[in-house]
Amino acid sequence: MNKKLAAAVSGGAVLMLVLSGCGGGDDGDKKADAWAKKVCDKWEPELTKIKSTNDQLKRVASQSSKPEEVQKTDSAAFQTLSDAYKTMGGALSGAGEAPVQDGKTAQDAVVKSYGEISKGYTELKTKIDALDAKDQTKFAEGLQQVAGGLTEIAANETASKEKLSSTGLKVISSQKGCQVSIKR
């Protein structure tokens, strides 16, 4: 029984070290902060675009907009979102290996996830562009499929945020450029 407790306690201590990004002392923290600043300086304009684009999508969805306006706004928004996530993934991989515990593994996972999110938005753009905005019934049915795709992408976005906050990459969240508030 005591061996199990000791294993759990020491496992918990290791987990705390991993989650806190410990292991490098002040020099390691400075390197991690510098790395995170480099990433966030490139992410800030993309995060701002994502927030603004999400606001546009909400506006069009909450108003009694004409199908043509919904289609045009959604199409442009999905392209912007796809480009933003692609750019963020590129900035993350281009920043070099994160100087944190399991940095490369976490970084690769987030980059892959951002690639999937970007691809998802590109697919939604293709779907929304293919809808017949002149036939309201068919357009409404098509929008239901698009909404289902948005739900999947939102789950991927949430998973990406969790990967960032539950790994050594959480150092990113302390940087001013990465503190743009994005709400769905």
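Modeller: A crossing of two helices is called left-handed if the near helix is turned anticlockwise from the far one by less than a right angle. The model discussed here is a predicted one, and in it the crossing of H3 and H4 is left-handed.

Biologist: At what angle do the axes of H3 and H4 cross?

Modeller: The axes of H3 and H4 cross at roughly 165° and come within 8 Å. Angles over 145 degrees count as roughly antiparallel, and H3 and H4 are therefore roughly antiparallel to each other.

Biologist: Which classes of residue make up the contact of H3 with H4?

Modeller: The contact of H3 with H4 has twelve nonpolar, nine polar and four charged residues.

Biologist: Let us step back. How many helices and strands does the protein have?

Modeller: The protein has five helices and zero strands. Read from the N terminus, its elements run α-α-α-α-α.

Biologist: What share of the residues is buried?

Modeller: Of the 184 residues in the protein, 35% are buried.

Biologist: Among contacts between residues at least 6 apart in sequence, what share joins residues at least 24 apart?

Modeller: That share is 81% of such contacts in the protein.

Biologist: Which residues of H4 and H5 make the contact?

Modeller: From H4, the residues are Ala109, Val110, Ser113, Tyr114, Ile117, Gly120, Tyr121, Leu124, Lys127 and Ile128. From H5, they include Leu143, Val146, Gly149, Leu150 and Ile153, and also Asn156, Glu157 and Ser160. By class, the contact of H4 with H5 has twelve nonpolar, five polar and three charged residues.

Biologist: What about H3 and H5, at what angle do they pack?

Modeller: Helix H3, residues 67-94, and helix H5, residues 136-165, pack at an angle of about 20°, with their axes 12 Å apart. Angles under 35 degrees count as roughly parallel, and H3 and H5 are therefore roughly parallel to each other. The crossing of H3 and H5 is left-handed.

Biologist: Which residues make that contact between H3 and H5?

Modeller: On H3, the contact is made by Pro67, Val70, Gln71, Asp74, Phe78 and Tyr85. On H5, Gln136, Phe139, Leu143, Val146, Leu150 and Glu157 take part. By class, the contact of H3 with H5 has eight nonpolar, two polar and two charged residues.

Biologist: Now some single residues. Is Trp43 buried or exposed?

Modeller: Trp43 lies in helix H2. Residues under 20% relative accessible area are called buried, so Trp43, at 3% relative accessibility, counts as buried.

Biologist: With which residues is Trp43 in contact, leaving aside its neighbours within four places in sequence?

Modeller: Trp43 is in contact with Met88, Ala91, Leu92, Tyr114, Leu164, Ile172 and Cys178.

Biologist: How far apart in space are Trp43 and Gly177?

Modeller: Their C-alpha atoms are 6.8 Å apart, while the two residues are 134 residues apart in sequence.

Biologist: Where is Ser52 found?

Modeller: Ser52 is found in helix H2, which covers residues 25-62. Ser52 is partly exposed, with a relative accessible area of 36%. Ser52 and Ala77 are 25 residues apart along the chain, and their C-alpha atoms are separated by 9.3 Å.

Biologist: And in which helix is Lys104 found?

Modeller: Lys104 is found in helix H4. Lys104 is partly exposed, at a relative accessible area of 43%. From Lys104 to Gly168 the distance is 9.8 Å, C-alpha to C-alpha, and the two are 64 residues apart in sequence.

Biologist: One last residue. What is the phi of Asp102?

Modeller: Asp102 has a positive phi of about 55°, although it is not a glycine. Asp102 lies in the loop between H3 and H4. At 49% relative accessibility, Asp102 counts as partly exposed.

Conventions: Residues are numbered from 1 along each chain as its sequence is written. This is a predicted model: local features need pLDDT of at least 70, side-chain atom pairs count only at pLDDT 80 or more; totals for chains, interfaces and linings use all residues. Side-chain values use heavy atoms; hydrogens and water are left out. Axes are lines fitted to C-alpha atoms, for helices over the stretch in contact, and angles run from 0 to 180 degrees between N-to-C directions. Helices (H or I, at least four residues) and strands (E, at least two) are DSSP runs, numbered from the N terminus. Angles under 35 degrees count as roughly parallel, over 145 as roughly antiparallel, 65 to 115 as roughly perpendicular and the rest as oblique. Contact means heavy atoms within 4.5 Å. Ala, Val, Leu, Ile, Met, Phe, Trp, Tyr, Cys and Pro count as nonpolar, Asp, Glu, Lys and Arg as charged, and the others, Gly among them, as polar. Buried means under 20% relative accessible area, exposed over 50%, partly exposed in between (1.4 Å probe, protein chains only).
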